[in-house]
Amino acid sequence: MEELLHIVLNTIVAYAILLFEFVGVFVIIIACLKGIVDYIKKSPDIRLNLAKGMAMGLEFKLGSEILRTVAVREFREILIVASIISLRALLTFLIHWEIKNEEQEKKNI
């Protein structure tokens, strides 16, 4: 019974990881396409909108990495996943910092 639950959990986690990865990539692609359109239209909010889209996409990708920790079995895998989570968290932090600065700049203008 325990083995069956383990298989079910791993299957659910694997599909959830795929879903989160797909949604994250999709959100980033849509944000980039919107950024191209905003660039062509010379929109003043291009950087802010692009950063927000990228941040949202990275949040989904970060969620998939956190889920990936459920299926980790070896210490080496833990280190790899932890490194990926750290890098994505750092990128998310930097993008949110950029968003905050852009919004502050907009208020000062």
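## Basis

The model is predicted, so local features need pLDDT of at least 70 and side-chain atom pairs count only at pLDDT 80 or more, while totals for chains, interfaces and linings use all residues. Residues are numbered from 1 along each chain as its sequence is written, and side-chain values use heavy atoms, without hydrogens and water.

## Helix 1

Helix 1 covers residues 2-40. Helices here are DSSP runs of H or I with at least four residues, numbered from the N terminus. At 1.5 Å a residue, its 39 residues should span 57 Å, and the end C-alpha atoms are 57 Å apart, so the two agree. The expected span is 1.5 Å times one less than the number of residues.

The buried residues of helix 1 are V13, I17, E21, G24, V27, A31, G35 and D38. Buried means under 20% relative accessible area, exposed over 50%, and partly exposed in between, with a 1.4 Å probe and protein chains only. These buried residues pack against helix 2 and helix 3.

K42 lies in the loop between helix 1 and helix 2. Its phi is near 60°, a positive value in a residue other than glycine. Most residues other than glycine have a negative phi. K42 counts as exposed, at 68% relative accessibility.

## Helix 2 against helix 3

Helix 2 spans residues 46-68 and helix 3 spans residues 75-108. Their axes come within 9 Å and cross at roughly 155°. That makes helix 2 roughly antiparallel to helix 3, a label for angles over 145 degrees. Axes are lines fitted to C-alpha atoms over the stretch in contact, and angles run from 0 to 180 degrees between N-to-C directions.

The crossing is left-handed: the near helix is turned anticlockwise from the far one by less than a right angle. The residues of this contact divide into 14 nonpolar, three polar and eleven charged. Ala, Val, Leu, Ile, Met, Phe, Trp, Tyr, Cys and Pro count as nonpolar, Asp, Glu, Lys and Arg as charged, and the others, Gly among them, as polar.

K61 sits in helix 2. K61 is buried, with a relative accessible area of 12%. Leaving aside neighbours within four places in sequence, K61 is in contact (heavy atoms within 4.5 Å) with F20, E21, G24, V25 and R88.

E102 sits in helix 3. E102 is buried too, with a relative accessible area of 13%. E102 touches R47 and L48, not counting residues up to four places away in sequence.

Methods:
Helices (H or I, at least four residues) and strands (E, at least two) are DSSP runs, numbered from the N terminus. Angles under 35 degrees count as roughly parallel, over 145 as roughly antiparallel, 65 to 115 as roughly perpendicular and the rest as oblique.
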